[in-house]
Amino acid sequence: MATDCLFCKIISGEIPSTEVYSDEDVYAFRDINPAAPTHILVIPKKHLVDVKSATLDDEALLGKLLLRANAIAEAEGLNANGFRYVINTGSDGGQTVFHLHLHILGGRALSWPPG
Ligand code: AMP
Ligand code: ZN
């Protein structure tokens, strides 16, 4: 846990969140400012800043993050019409919270390319 990290505080329960899924390695919760009808953040419980900070030690964890996201998207009913996974990385990538998080966005048609 990183002491000054918002998402580490969410994992520990110090900051409240609306839980969607939790296991020993992965936590998922509803985005506080949803950009789509369904907007869920899937995060590793281990504090990783972003994907490029991961090492070979994190190989299984990154795989698990994606597979849990698949199960969440299916449970949320997003598979029929499609949805989007987003990992903003760094300031130009739009990252504002520096604890790796996978956005699941769905429930409406999403435009492309991003702004
Ligand atoms: P990013 O811009 O990719 O770093 O995404 C950070 C996301 O975290 C944004 O979509 C925010 O709305 C969301 N967020 C920030 N604070 C909270 C919070 N306390 N609970 C849930 N989501 C949050
Ligand atoms: Zn953290």
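Here is a short walk through a zinc site and a ligand shell in a predicted model. Local features are reported at pLDDT of at least 70, and side-chain atom pairs at pLDDT 80 or more, while totals for chains, interfaces and linings use all residues. Side-chain values use heavy atoms, without hydrogens and water, and residues are numbered from 1 along each chain as written.

Let's start at the metal. The zinc ion (ligand 2) has Cys 5 (SG), Cys 8 (SG), His 47 (ND1) and His 99 (ND1) as its protein donors, 2.1 to 2.3 Å away; donors are N, O and S atoms within 2.8 Å of the metal (3.2 Å for Na, K and Ca). The angles among the 4 donor atoms are 105 to 116 degrees, and the site is tetrahedral (four donors, all angles between 85 and 135 degrees). Cys 8 sits in helix 1 (residues 6-12) and His 47 in the loop between strand 3 (38-44) and helix 2 (59-75), so this pair ties together parts 39 residues apart in sequence. Helices are DSSP runs of H or I with at least four residues, strands runs of E with at least two. Cys 8 is buried at 2% relative accessible area and Cys 5 is buried at 7%, whereas His 47 is partly exposed at 26%; buried means under 20%, exposed over 50% and partly exposed in between, with a 1.4 Å probe and protein chains only.

Now move to ligand 1. Its shell has 17 residues, with Asp 31, Asn 88, Gly 94, Thr 96 and His 103 the closest, counting residues with a heavy atom within 4 Å. Helix 1 gives the largest share, 3 residues.

Technical notes: Chains lettered and ligands numbered in written order. Tetrahedral: all angles 85-135°; square planar, octahedral: opposite > 155°, others 65-115°.
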